[in-house]
Amino acid sequence: MVWTCSCTRDFWPLNYGRGFFRIRSWGKIYWRKGLNKMKNEKKCIALIGFMATGKSTIGPLLARELEYDYFDTDAIVEADMGMSISDIFAQLGEDAFRDAEHEALKKALTMENCVLSTGGGIILFKRNRKLLAEKAFVVSLSAQPETIYGRVKDDTTRPLLKCEDPLLRIRQMLAERQKYYDVCDFQISTETWTAEACCQKIKEAFYLK
Ligand SMILES: Nc1ncnc2c1ncn2[C@@H]1O[C@H](COP(=O)(O)OP(=O)(O)O)[C@@H](O)[C@H]1O
Ligand SMILES: O=C(O)C1=C[C@@H](OP(=O)(O)O)[C@@H](O)[C@H](O)C1
Ligand SMILES: [Mg+2]
């Protein structure tokens, strides 16, 4: 019997009997016993990482590739509160934002077959880390402080980086947060790979792990 994965052109397992499957992905051949991880019990992929590592850029590409629904906790918060992230921080304060962000995460992780881009600070809270670990295949995106700075320097939508010396702030925040970004199922640098290549590698990791 030939079993074909419905979702992609370049990723398809063949059933070779006795529980063995041959999987071809990006020109490489993988063998594995059973397809238990193909039916990954975690139905959501959550992207974590510092600001401007590419979560909101890669998320929609990945969702389209997998034919999954797409959510972004920042967008959910903005829709729920009817305000931009900057206005929420300025008018209601960061704590109000963090509460709304937690509600957004809870709501999004009740979905099945979804890709979720999170805000860079979501991992600061144990309640969020617990939810992510329980419910999602967690992918951590990374980039060096200088690259992050280059990506955000003309962007006014990130209130935490509105300061005298954004590069120093990025370095400090990254140092504080790194231990949380390291807790994940898969990690990828968005400096090394284009958004499209990251997408393919994440897809591969999601199916093969
Ligand atoms: N390989 C890459 N993957 C994702 N984004 C990239 C990449 N290279 C450059 N970028 C750029 O970096 C920025 C990332 O912003 P965004 O997706 O909003 O990040 P985040 O949601 O993590 O804050 C975008 O302007 C995007 O075009
Ligand atoms: O790192 C953070 O604390 C934040 C990251 C932002 O999202 P992005 O990571 O998508 O920029 C947004 O949630 C808010 O400005 C706070
Ligand atoms: Mg984002």
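# Exercises on one predicted chain

Helices (H or I, at least four residues) and strands (E, at least two) are DSSP runs, numbered from the N terminus.

The model is predicted, so local features need pLDDT of at least 70 and side-chain atom pairs count only at pLDDT 80 or more, while totals for chains, interfaces and linings use all residues. Residues are numbered from 1 along each chain as its sequence is written, chains are lettered from A and ligands numbered from 1 in the order written, and side-chain values use heavy atoms, with hydrogens and water left out.

## Helix 3

Which residues of helix 3 are buried, and what covers them?

Step one is to list the buried residues of helix 3 (residues 85–92): Ile-85, Ser-86, Ile-88 and Phe-89. Step two is the arc: these residues lie on the same side of helix 3 because they cover an arc of only 165° around the axis. The arc is taken over the directions from the helix axis to the C-beta atoms. As a general rule, an α-helix has 3.6 residues a turn, so residues three or four places apart point the same way. Step three is the cover, which includes helix 2 (73–81) and helix 4. Finally, Gly-93 follows helix 3 and has a positive phi, near 95°.

## Helix 5

Find the buried side of helix 5 and the elements it packs against.

Begin with residues 126–135, which form helix 5; Asn-128, Leu-131 and Leu-132 are buried there. Their arc around the axis is only 95°, so they share the same side of helix 5. Lys-126 and Lys-130, on the other side of helix 5, are exposed. Next, look at what the buried residues of helix 5 pack against: strand 4 (44–49), helix 4 and strand 7.

The largest core has 35 residues, and Phe-50, Leu-105, Leu-109, Leu-132 and Ile-148 have the most contacts inside it. Helix 4 (residues 94–108) gives the most to this core, namely 5 residues. Then check for another core: a second, separate one of 19 residues includes Ala-63, Leu-66, Tyr-68 and Cys-198.

Last, take Leu-132, with contact meaning heavy atoms within 4.5 Å. Apart from neighbours within four places in sequence, Leu-132 touches Ala-46, Ile-48, Leu-105, Leu-109, Ile-122, Ile-123 and Val-138.

## The two ligands

Which residues come nearest to ligand 1, and how much of ligand 1 does the protein bury?

A residue is taken as near if one of its heavy atoms lies within 4 Å. Ligand 1 has 15 residues around it, and Ala-52, Lys-55, Thr-57, Arg-158 and Trp-193 come nearest. A side-chain N or O atom of Ser-56 is 2.9 Å from an oxygen atom of ligand 1, and a polar backbone atom of Thr-190 is 2.9 Å from a nitrogen atom of ligand 1. Alone, ligand 1 exposes 570 Å², of which the protein buries 71%. Accessible areas come from the Shrake-Rupley method with a 1.4 Å probe; for residues, only the protein chains shown count as cover.

An N or O atom in the side chain of Lys-55 is 2.7 Å from an oxygen atom of ligand 2. Asp-74 places a polar side-chain atom 2.7 Å from an oxygen atom of ligand 2, and Arg-177 does likewise at 2.7 Å. On its own ligand 2 has 390 Å² of accessible area, and the protein covers 96% of it.

## Two single residues

Is Phe-137 buried or exposed, and is Lys-179 buried or exposed?

Phe-137 lies in strand 7 (residues 136–142). Its relative accessible area is 5%, so Phe-137 is buried. Lys-179 belongs to helix 7 (residues 166–181). Its relative accessibility is 52%, so Lys-179 counts as exposed.

How values were computed:
A nonpolar core is a set of buried Ala, Val, Leu, Ile, Met, Phe, Trp, Tyr and Cys residues joined through side-chain atoms within 4.5 Å. Buried means under 20% relative accessible area, exposed over 50%, partly exposed in between (1.4 Å probe, protein chains only). A polar contact is a pair of N or O atoms within 3.5 Å; within protein, one must be able to donate a hydrogen and the other to accept it, and residues adjacent in sequence count only if both atoms are side-chain atoms.
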